[in-house]
Amino acid sequence: MLGLSLRGYQKIERNEGLPGSDALLKFRVLDINPGWVLTGEGEMRLNGSDCARSAPSSTKVTLQQSATSTLDAKLLGGLSNLCAAEHKKHGINLAGPALTIATIEIYNNIASRVVDMNDKAAVEAMIPVAIKELGERLEEAKDEPGTGKRLA
């Protein structure tokens, strides 16, 4: 139903991998908070039912958002597409957990500059800025071999 193999799901459960943006969108359809899947914080269910449980404490990705908000799945999916395209422009094919992490980093970049992530106009205004900065970091990483593109 989520488009994940059993092995992929087990890796997520063991904190050895992250679901991709497509899987996160499907979690949302199933009324599971994608932010909870990524961070273990907040309610597990989007409707706020009391069946929430904590994710394992070794979750490595931190997503900036208030405890009362949920992720905008369309925004996250769009950021994932833009992130993949920007990496591709720089000769990097990014997919799977690496794409998810890079997408979250872009989201966090935007969240650190926007007062309210529910303010769609402010968020949309920051997206080109965040993507441009990603491109600049990727270009710098390309110009400095050995520094690792993952830092971008």
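**Burial and surface**

What percentage of the 152 residues of the chain count as buried? The share is 38%, where buried means under 20% relative accessible area with a 1.4 Å probe, protein chains only. The chain exposes about 9,000 Å², by the Shrake-Rupley method with a 1.4 Å probe. Carbon and sulfur atoms supply 53% of that area.

**Basis and confidence**

This is a predicted model; local features need pLDDT of at least 70, side-chain atom pairs count only at pLDDT 80 or more, and totals for chains, interfaces and linings use all residues. Residues are numbered from 1 along each chain as its sequence is written, and side-chain values use heavy atoms, without hydrogens and water.

The average pLDDT (the predictor's confidence in each residue, from 0 to 100) is 74 for the chain. Of the residues, 76% score at least 70. Residues 50-62 fall below 50, yet have 25 contacts in the model beyond near neighbours in sequence; contact means heavy atoms within 4.5 Å. Residues 148-152 stay under 50 too. Where pLDDT is low, the predicted coordinates should not be read in detail.

**Fold and core**

The chain has 6 helices and 0 strands, taken as DSSP runs (H or I, at least four residues; E, at least two). Confidence is highest in helix α4 (residues 73-89), at a mean of 91.

The largest nonpolar core has 29 residues. Such a core is a set of buried Ala, Val, Leu, Ile, Met, Phe, Trp, Tyr and Cys residues joined through side-chain atoms within 4.5 Å. L79, I106, I110 and I127 have the most contacts inside it. Beyond four places in sequence, I110 touches L79, M117, V123, M126, I127 and A130.

Definitions and conventions
Buried < 20%, exposed > 50% of the residue type's maximum accessible area, 1.4 Å probe, protein only.
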